[in-house]
Amino acid sequence: MSATLMVDIPDGLIDQPRRIHARGLVAGEATLTADFTHADGSVWHSQATFLITAEGVLDPDAATPVAGDWREAEPMAPVWALRLVSPALDPALSDSLDARHITLRIQDAGGAVAGATLVQRLLAPGVTRREIRENGLSGTLFTPADHGSYPLVIVLNGSGGGTPEQRAALFAAHGYQGLALAYFKAPGRPDYISETPLEYFQQALGWATETLHPKNDFIAVAGHSRGGELALLLGATFPERISAVIGYVPSAVIHGTLRAGRPDEPRDAAAWTLRGQPLRNIWQDNPAADWRAFDRPPQPGAHIRQAPAFIAVERDQKNLTAARIPVERISGPVLLISGADDGFWPSVDYCERIAAALGAHQHRWSVEHVRNDDAGHAIAFPYIPTTEIARVHPVAGVVIDGGGTPAANARANRLSWRRVLAFLATATATRGEPA
């Protein structure tokens with residue numbers, strides 16, 4: 001039998017697990033490679049060497065490589081282990097919705113070569129994309145294929161700003177209207193997070209209710225990092241409008257502008273306002289604030305791991321209390337996702353405190369905290385490269401170590417996304433009912 005390399009689902013959604021399988025291999029060492037050129041022009045590559053037995057088969061989901069870019073028997077490892085070979089030529093396309101074509105190749109000990117292509121799509125068949133530039137809003141709406149009534153998920157980015165179209169598109173693939181709502185660094189919005197009025201989101205919620213007519217008036221808000229902080233804050237501020245909250249590595253307290261504010265203002269300036277007044281943030285006039293970990297790497301040549309600064313600032317109890325997000329006001333289920341090796345801020349501690357506060361106030365709806373051991377800050381959807389642990393902050397331009405390992409972050413992407421979809425299915429089916 002000649003060598004063959006197969007993908008059980010050659011073309012499908014990006015979050016869809018695939019089984020990569022080779023057979024007809026000569027016993028001995030075989031090398032499996034994956035290559036991918038992103039729409040932004042960046043080039044990615046992964047490879048691993050396996051010891052093939054007399055049966056001549058390889059299942060990367062079950063086999064541990066003897067060498068290479070991954071050393072675990074992990075689903076879709078050739079994809080999440082892709083590492084950057086050359087940078088983006090056009091960073092503006094880094095969040096492209098274009099289908100990803102990943103070329104797989106295996107060469108066995110006898111020199112035989114076999115190949116296959118794996119296609120990952122962010123847009124499901126029939127999903128429509130519409131830019132929203134009305135009623136003062138900036139965003140992109142994704143709607144499932146037919147024209148029925150669907151629950152709505154509003155997706156919020158973090159301190160990098162922009163419009164989170166990829167996640168919103170995936171929600172539409174799973175039967176929700178997905179609104180990628182931008183609030184800064186996007187068309188028609190300010191360049192910085194500074195003094196973002198919560199009324200902007202109130203306006204978006206009203207527009208969505210009146211224009212999109214979500215099924216059973218169900219509106220969930222899902223945010224990552226500063227977007228997670230914002231999602232909890234919105235749920236607590238507009239509980240009558242928001243049915244469920246999903247916080248990816250969120251904060252339990254309100255922070256200042258930090259790295260995302262205007263260059264001419266201090267980093268403890270207000271990020272959020274309500275009724276024209278700035279919301280108190282934990283950094284403001286805080287004697288415990290220590291910016292050294294925020295600005296300097298732990299040792300020369302390393303990347304900035306800023307989480308210790310967020311721990312130090314909480315030593316002042318007065319500021320900690322004043323900046324706490326009143327999550328007990330949320331009127332719906334809450335899903336929290338954290339990484340135990342989060343280098344950005346202490347998301348596990350934040351999530352534990354949020355869950356404890358909801359429990360202490362006898363929250364009537366479900367509260368779930370998905371803690372991802374050994375994972376960092378960049379938890380997203382599954383089957384994407386997770387090797388870029390340290391990344392340039394889109395606004396500040398400094399390199400920040402987000403924490404975690406490629407394998408742990410890939411596992412967190414896979415398991416947390418599964419929980420998100422299950423959480424939404426339950427929340428929409430039990431709309432308004434207590435747990």
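Q: How many aromatic pairs does the rule give here, and what is the rule?
A: The count comes to 15 aromatic pairs. Under the rule, rings of Phe, Tyr and Trp (its six-membered ring) pair if their centres lie within 6.5 Å; planes under 30 degrees apart are stacked, over 60 edge-to-face, and the rest tilted. This is a predicted model, where local features need pLDDT of at least 70, side-chain atom pairs count only at pLDDT 80 or more, and totals for chains, interfaces and linings use all residues. Residues are numbered from 1 along each chain as its sequence is written, and side-chain values use heavy atoms, with hydrogens and water left out.

Q: How is a pair of aromatic rings described?
A: By the distance of the centres and the angle of the planes. Take Trp 291 and Phe 294: they are 5.3 Å apart centre to centre with 80° between the planes, an edge-to-face pair. Phe 344 and Trp 345 are edge-to-face because their centres are 5.4 Å apart and their planes at 85°.

Q: Which residues form one aromatic cluster?
A: Trp 283, Trp 291, Phe 294, Phe 310, Phe 344, Trp 345 and Tyr 350.

Q: Is Phe 294 buried or exposed?
A: Buried means under 20% relative accessible area, exposed over 50%, partly exposed in between (1.4 Å probe, protein chains only). Phe 294 has 1%, so Phe 294 is buried. Trp 291, at 22%, is partly exposed.

Q: What sits over the ring of Phe 294?
A: A charge sits over a ring if NZ of Lys or CZ of Arg is within 6 Å of the ring centre and within 35 degrees of the ring normal. Here, the charged end of Arg 259 does that, 3.8 Å from the centre of the Phe 294 ring. Over the ring of Trp 291 you'll find the charged end of Arg 267, 4.5 Å from the centre.
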